[in-house]
Amino acid sequence: MADETTRASDDANEIRAAASECLAAPGEVALRAVKVTAGYGGRAAVREVSIDVRRGELLAIVGPNGAGKSTLLRVLSGALTPWSGTVEMAGRPLAAYDRRAIARRMATVAQENPIAFRFTVMEVVLMGRAPHLGAWRFESARDLAIARDALDHFDLAPLAGRAIQELSGGERKRVFLARALAQRPEIALLDEPSAFLDMRHVAEIFGRFRELAERERIAVAATMHDLNAAALYADRVLLMKNGEAAGYGRPEEALTAERLRAVYDTEVYVGRNPATGALAILPIDSARRRATA
Amino acid sequence: MSGAAPQQTPPSKGADESRVSAATEAMEPGARDYLTPARVAAALAILGAILAATMLVALACGSAHLNLFTAMRDAASPDRAILMGVRMPRVMMGAAVGAALAVVGAALQALVRNPLAEGGILGISGGGAFGAVLAMILFSRFASVDAIVPAAAFGAALCSTLAVYRLAQVDGRLEPLTLLLVGVIFNAFWGAAIMLINSVVNFYFTHSILFWLMGSFEAPTWREVAIVAALGLGGSAILMGRARDLNLLSLGDEEATHLGVEVDPLRRTVFVVTSVMIGAAVSVSGIITFVGLIVPHVLRSILGPDHRLLLPATLLGGAAFTVAADLIARIAIAPAELPVGAITALCGGPFFIYVLRHEGRRAVGL
């Protein structure tokens with residue numbers, strides 16, 4: 001039964017794929033990793049992965065826990081030097097840039113966002129302007145306008161004066177996403193941006209970043225756990241297992257039932273969400289299915 | 001992929017938004033969203049006035065009676081002699097040392113992301129004092145001993161800093177609780193080492209050694225004042241030049257890197273500069289603890305954590321606090337004197353416990 005559904009949706013895939021190829025002009029490559037292998041203390045967490053992050057698109061990096069998603073993101077951001085392989089930003093090796101030059105082009109939001117002192121929300125968002133400012137210079141009216149705009153993007157304007165420690169996990173996450181936005185980057189690397197967020201804010205955040213990708217031609221790469229969010233919002237998906245790429249391409253190509261079954265080691269249903277036309281991915285409880293059959 | 005982005009009208013911006021923030025400000029008069037030049041100017045003007053007033057009181061009061069007006073008017077008066085020969089250098093020394101210690105405290109707290117870090121607690125002052133005592137005894141017969149002692153204090157302070165920092169790293173990450181414990185142990189170790197020296201040297205040195213352990217501004221020369229002031233202000237200026245980077249460091253090393261901070265050079269700069277400043281302070285006044293803890297903490301809670309304001313504010317506040325502590329040391333049991341280090345430690349100990357209990361828990365990972 002699952003096979004039938006897959007086959008039926010494959011036809012639809014082809015039609016949609018053709019359509020989206022006409023619509024979306026292939027973006028210029030902002031960040032490219034070629035056969036990167038990296039890890040910690042002798043254990044490789046990412047093996048021979050090659051990906052492009054293109055301007056104007058949202059790339060989702062998905063996979064089970066420990067698949068190497070965050071490690072790959074750290075390699076892309078330059079925080080972790082790969083053992084082998086290269087990372088290039090705008091055609092030049094990442095290592096050839098100094099940190100400030102990278103920070104002017106690339107914003108990174110980590111999975112966890114600890115902060116030591118009681119900075120206000122506005123102060124944290126203004127930190128995104130730091131790569132564009134000198135050591136002691138005060139933020140200009142333009143910097144403030146950019147920060148306020150970023151606050152607005154994530155519904156944070158009423159919280160501007162609050163200490164970051166007083167916020168909920170989801171609010172805090174949004175503050176750090178707003179900070180990334182205030183950086184006005186060409187590339188945004190987001191590690192689990194939807195963690196701690198409720199459904200509405202997940203939709204809003206991915207919606208915002210998609211919108212930014214399209215309007216400002218930002219290249220966005222985000223790791224995520226939610227396959228449906230990846231299918232819904234991403235232009236392309238990298239599916240990872242044990243540090244290797246198990247699928248890479250448009251959601252329809254990367255997230256097939258067979259691939260997901262192999263990667264997650266569990267039965268999945270891949271169909272279409274009738275409301276959006278996007279892929280709908282659901283786990284199948286094999287025990288219960290057997291019982292009802 | 002149509003329908004991917006939720007079709008929502010974006011929240012109204014511009015005028016509407018500024019009205020919101022204006023309303024917020026109106027509701028909370030003390031509301032501070034971010035640091036403005038006007039706020040920096042106002043805060044520093046107030047702290048400057050407090051410092052000036054404290055210094056004036058400290059110059060006027062003391063075991064010997066002194067009339068400031070007479071001293072100003074009459075160059076030949078004994079009042080003038082006491083003022084310029086004794087009290088002025090002492091007050092200036094208190095201000096210079098206090099400013100240096102407080103700025104060092106604020107910078108170290110930013111570096112290790114912990115409000116409980118401080119030169120004394122982390123064992124840096126202890127290391128400096130040990131170096132100073134050792135140099136004083138080994139080189140006592142050399143004419144250049146006055147120059148060697150501060151250099152030795154700086155060298156030992158730097159070694160102590162690096163050792164504490166290295167030992168507090170677990171798997172490449174700085175563990176705040178380990179850092180504090182290692183610092184406290186180093187502090188005790190240096191104290192014991194100094195006592196050991198004390199027990200084997202002749203009586204001539206023992207008074208000086210005790211002076212180093214307790215901390216005091218007794219009878220400094222103008223030359224010493226000038227050296228400490230120059231190193232303290234110079235070091236503070238370098239640290240203030242890195243104020244924005246220190247702000248970013250509160251996000252963690254990796255996040256700071258992502259915002260353009262070269263973390264390792266920054267850390268090296270802060271270690272060397274704070275060691276020089278502590279070395280200079282210790283070599284003339286011994287171990288004065290807790291100034292670097294109390295002053296930044298109080299000012300941070302009032303003014304916010306932005307180091308562009310916090311560092312100059314702690315400079316003025318540290319000077320005022322230490323001059324006031326020294327005034328108490330001078331007049332509490334006049335004509336005898338208490339060591340100023342005892343006064344700051346008596347205030348600082350309970351304060352440390354208070355901070356630890358109220359907000360240090362998360363900071364040290366308890």
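**Figure 1. Chain A as a whole.** Among contacts in chain A between residues at least 6 apart in sequence, 67% link residues at least 24 apart; two residues are in contact if their C-beta atoms, placed from the backbone, lie within 7 Å. Welcome to a predicted model, where local features need pLDDT of at least 70, side-chain atom pairs count only at pLDDT 80 or more, and totals for chains, interfaces and linings use all residues. Residues are numbered from 1 along each chain as its sequence is written, while chains are lettered from A and ligands numbered from 1 in the order in which they are written. Chain A has 11 helices and 12 strands; helices (H or I, at least four residues) and strands (E, at least two) are DSSP runs, numbered from the N terminus. Of the 293 residues in chain A, 48% are buried. A residue is buried if 20 or more other C-beta atoms lie within 10 Å of its own, exposed if 12 or fewer, and partly exposed in between, with C-beta atoms placed from the backbone.

**Figure 2. Where the two domains of chain A touch.** Domain 1 covers 1-90 + 187-201 + 224-293 of chain A, and domain 2 covers 98-185; such bounds come from an automatic or database domain assignment. Their contact takes 16 residues from domain 1 of chain A and 15 residues from domain 2 of chain A. On the domain 1 side, α2 (69-77) and β7 (187-191) of chain A are the elements that give two or more residues. The largest share of that side, five residues, comes from β7(A). By type, the residues on the domain 1 side are nine nonpolar, four polar and three charged. Here Ala, Val, Leu, Ile, Met, Phe, Trp, Tyr, Cys and Pro count as nonpolar, Asp, Glu, Lys and Arg as charged, and the others, Gly among them, as polar.

**Figure 3. The largest nonpolar core.** A nonpolar core is a set of buried Ala, Val, Leu, Ile, Met, Phe, Trp, Tyr and Cys residues joined through C-beta atoms within 7 Å. The largest one holds 202 residues, of which A:Val125, A:Val220 and B:Ala100 touch the most other members. Helix α4 (residues 78-112) of chain B gives the most to this core, with 19 residues. Leaving aside residues up to four places away in sequence, B:Ala100 touches B:Val228, B:Gly232, B:Gly235, B:Met277, B:Ala280 and B:Ala281.

**Figure 4. Helix α4 of chain B, end to end.** At 1.5 Å a residue, the 35 residues of α4(B) should span 51 Å, and its end C-alpha atoms are 50 Å apart, which agrees; the expected span is 1.5 Å times one less than the number of residues. A kink of about 40 degrees lies at B:Arg87, shortly before the proline B:Pro89. The bend at a residue is the angle between axes fitted to the seven residues ending there and the seven starting there. Most of α4(B) is covered, with 27 of its 35 residues buried. Just after α4(B), B:Arg113 takes a positive phi of about 55 degrees.

Figure 5. A:Glu48, in strand β2 (residues 43-54) of chain A, has a phi near 50 degrees, a positive value in a residue other than glycine. A:Glu48 is partly exposed, with 14 other C-beta atoms within 10 Å. A:Arg217 sits in the loop between α7 (199-216) and β8 (219-223) of chain A. Its phi is positive, about 60 degrees, although A:Arg217 is not a glycine.
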